[in-house]
Amino acid sequence: MKIAVCVKHVPEGSSKLDPGSKRLDRSGEGALNQFDANAIEEALRLKGDSDTEVVVVSMGPEKAADSLRKALAMGADRAVLVTDDALAGSDLAATSKVLAAALERESADLVLFGQQSSDGDGAVLWAAVAERLRRPVISQAAELSIAGGTVHVKRQTEFGYDVIEAALPAVVSVSDAINEPRYPSLKGIMGAKKKPSETLSLSDLGVAAGEVGEAGSKTEVLALGSPPARGDARKIEGDANAAQAIVDFLAEKRLI
Amino acid sequence: MTVRASDYPPPFSASEFVAEPTDPADERIEVGILIVGAGPAGLACAVRLGQLLEEHPDVADRLGEVPVALVEKGKQPGSHLLSGAVVNPRSLRRLFRDRYHVEDIPGYGAVHGEAVYVLTRRAAVRIPPPPTMRNHGNVVFSLSQLGRWLGERAEEGGTMILPETAAEKLLVSHGRVVGVRTGDKGRDREGGPMGNYEPGADLVAKVTVLAEGTQGHLTGVALDHFGLRGGEPQVWELGVKEIWKVARPLRNVVHTMGWPLRTAAKYREFGGSFLYPMGDDMLTIGMVVGLDYRDVELSPHDLLQELKTHPKIRKLLEGGERIGWGAKTIPSGGFHSLPKRLHAPGLLLCGDGVGMVNIARLKGVHYAIESGRLAAESAFASLQPGATPAAALGSYDAAVRDSFIWRDLEEVRDMRQVFGRGFVVGGALATAMTASRGKINLGKLPAEHDAEQPLLRTDRASRYPIPDGKLTFDKLSSVFASGNKTRDDQPNHIRIERRVPLEVVEMWVNMCPAQVYEIGTEGGDGTATVQLAPSNCVQCGAITAKGGRLTPPEGGSGPEYTLT
Amino acid sequence: MPILVFLEHHGNELQKGSLGVLAKAAQLGGGEVAAVLVGANVKALAAEAGTFGATTVHVAEDPSLEPPLPQARVDVLAKIVRDGGYDTVLFANSVLASDIASGLAARLDAGLNWDLADIALQDGKLVGKRPALQDSVLADVGWKTEPRIALFRSGSFDATPTGGGEPKVEDVAVELEEHSRGAKVVGQELEESSGPSIEDADVIVAGGRGLGSPDKFTLAEELARALGGAVGATRAVVDAGWYPYATQIGQTGKTVSPKLYVALGISGAIQHKVGMQSSNVIVAINKDANAPIFEFSDLGVVGDLHEIVPKLVELLNQRT
């Protein structure tokens, strides 16, 4: 069986927006998106001691290789990085197109995603990728198992849990509650360098430059500004009727 | 009754951190040469080894799959590095020869001009820079950035860098250092294993180079285990600094003395401040204070905040924004505190870990780099066919003693003690000593451990500024600005006596720039318990100087410095 | 500008978030707004959609559409958008809605802007308002092509009835794609209301050191109960063992953005602030007038929480 895990290299520390491009400044240090670690961990648990292959796939700048190496250090078998200057500024449409092309190449039985990315705070990528791959998608998996060619998921929603099944091949995104990602062992870190790792460009995937990056994106950032100030902040001091004042305030804000 | 922190030593013994390898032989990780610490010393050692192994592939072959490995407890090289720094470039030139020039290294350029001021609360009197503070020819760097760059060069040369890995124990077998045991990961607050518990591993090597920096954990353990401690106890300064984005560039390298430190001898407040330009739109400002101070209410963190309220300094920062903060100790005992020997069987010791710092000039980076380079040469020599390891490693000592490291440190050997006599007398003596190149000196004054200073109390804390969140900040904001996001449920990594006189707890509370310590419950008999928030810790090392003991927490924890 | 709004329902209730988006769309659409209902017995909800502004309601009703799975809904919406010529599709965020919105974007090769707090017409173009970087920045985001798809933060708009009348109801029959039929719901576990979880709660009452002792957390619990919210804690009190780590809010705990955040005895250190600063309304009670939390709260009350909170709970309980 082959499991592909999509991961992202995200800016580390306090993020900054580049006022020129109005996009996230990705020039500084980066790290593996913490939520993707849950997806890698889940793939490794499913693999166990079997000869299931776990491939990590990422689209990003060259230094995204660092995050892929961390995934290899955790125990993934192979890494694929899609990198190309034309990719900068890709939105969901462009990104999902590229990832789908890379995943088509892999033909994995199961494709895993983490619950969100800490830079875009988006929880939207997997459904778009699944649509392009024309595979069933299940999100927010709090528990996951595979038996007889079927993936069995306990999916967390606002109302409780749905128990959902789908025949493989399928796409699943895991919630951060599903597991506690392992620390790479020292042997794992040292062995990561020797594991196979490939770099693909757009032409390797057969995707035209015009379909990606700013040119291929269907959305754009028009302007950056400050959010409206908190408005009339009020302060009450030494008021014997503070409790009533709070109730009045909450009522005024239509919170009660 | 005089209260001294040293009367309440922490529950710590070096022997706890010395062990034989315990992993089964086929699970031990074998490397050729193991370096601990991705600071200037460790990285210089790695770079030099890369050069030597490239020239001698036959030696490289005999070192196995991983000829050189470097373990670093921070997230990456640079995460735990902090200094001023105005660096003497001679060591970088010796290390790289014509492969790279100093101009190729990311930095902030040569020093243009210097200014030294003596500060009072409202005024600043400019004085000619004393001979110890002339920086012509030196270059401003961010040590954290320099570490990142050196890390890339080390990896290019073939070193395998293993970040987020703490070296917890020294592996010693038959009296010989054979490597280190790395720290466990995934333990909870009580030390029990969590779901993702990952035990440490025995990392064995033919030669181990300890380049852990100030308060180096295994360095301290090794000095005790092998009986290498020098004549005088080591003493430390605590440096606290900030990086600011500024509206107008700073032109000069600035040093100040005097306010807000008190000059009377009884306070023993030795130190000063520095401001270094970092390009046109940034600068770094820091405060350095000797940890032999006596006032329970002295807070180095808050002294820096107070410093910024000086009219001259406030003006420099106007319109600017704080973008980074950090703290780290500096060993200041100098020549007299160096260990008796810098090597032991299978072991070499470098850099700040053994105190190679010229505190009068606030310089240590270039000594660290040179010591790392010399350690590489000795380690390499010890691996040649027919070499006697003991003689080869011993050659490191000889090389260091022949180098400018030894010469410089010897020249300023009594500088620090002199300032124990107070600023005015001390200043005059220091100038006389430097001008005479060390020929005028006072013989050795009795030196004490920082923790042995008798504590006194003033109302110093009443003068610290109330943080306004724009110019001045509180400790938790500073911890945030260091990039520290250590998980809270880690085991406590600080060894400390938990019930001590109230003055001692108060001293620790004020001393720590990261708000790790708090007064717990008061005993009613003048004692109190100490409460800790270890995840705030930025691993500056001050606690080890003042009565506790810092050990490395889980690899990857602590600050994530980028510009310090 | 023909706008289509996806209405989510659970059981027999239309979700407030979707109704809020519908009301907003009614404003933007200048009177004409269409809504979509997909499920097993949803036609009955069409009238309610009308009272919140829908002038047309497309209904795809079939027992096979009952399970709350996204892909069949993508099929339904794609057909409606193509046949009806809609150029804008709006969603209120939920686990289900975000999957539908992004699946639809991929199906139609359309642009999706998500995590929006608002949307407006500027110079004749629709512009989304997207908070970023822990809400310290507000970005204007746009679409370069049509249809435009937007996903709004839950609770962005109030669900206020617009007094609209009966909408036109149009039945939709859809052939599902093969991959849309792949997932099957084989069981459900609905959670009992032991109170909302911190991440989903609309109201959070958080306690800090100012509570004084662990047993005083009952004050936070009672207030949370009175407000229908969840209880949170600061790092300091979790460290001290007063409350479980799962409730810790802050840099090394959870990040939340409820409609209402009540901070009891919390100083407002930055490590805590970054975990809750994008809450809609922040009320802080602390006896220290200089506590940093007052710099970013909407209502700051300097006083003794041990006196104020019990009275507050009493007043709130009286109202209900």
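Two strands pair if DSSP finds at least two bridges between them.

## Before you start

This is a predicted model, in which local features need pLDDT of at least 70, side-chain atom pairs count only at pLDDT 80 or more, and totals for chains, interfaces and linings use all residues. Residues are numbered from 1 along each chain as its sequence is written, while chains are lettered from A and ligands numbered from 1 in the order in which they are written.

Helices (H or I, at least four residues) and strands (E, at least two) are DSSP runs, numbered from the N terminus.

Let's begin with strand 19 of chain B, residues 282-290.

Strand 19 of chain B pairs with strand 16 of chain B (236-245) in the antiparallel sense, over nine bridges. In this pairing, B:Leu238 stands opposite B:Val289. Strand 18 of chain B (271-278) also runs antiparallel to strand 19 of chain B, joined to it by eight bridges, and there B:Tyr276 has B:Thr284 as its bridge partner. Strands 18 and 19 of chain B form a hairpin with three residues between them, and B:Gly279 takes a positive phi near 75° in it.

## Helix 10

Now for helix 10 of chain B, residues 404-411, where B:Ile405, B:Asp408, B:Leu409 and B:Glu411 are buried. They are on the same side of the helix because they cover an arc of only 160° around the axis, taken from the directions from the helix axis to the C-beta atoms.

What do the buried residues of helix 10 of chain B pack against? They pack against helix 8 (365-382) and helix 9 (389-402) of chain B.

## Domains and chain contacts

Chain C is divided into domain 1 (3-181) and domain 2 (203-319), with bounds from an automatic or database domain assignment. Their C-alpha centres lie 35 Å apart. The contact takes four residues from each domain, counting residues whose C-beta atoms, placed from the backbone, lie within 7 Å.

Chains A and B also meet, through 11 residues from chain A and 17 residues from chain B.

Terms used:
A residue is buried if 20 or more other C-beta atoms lie within 10 Å of its own, exposed if 12 or fewer, and partly exposed in between; C-beta atoms are placed from the backbone. Two residues are in contact if their C-beta atoms, placed from the backbone, lie within 7 Å.
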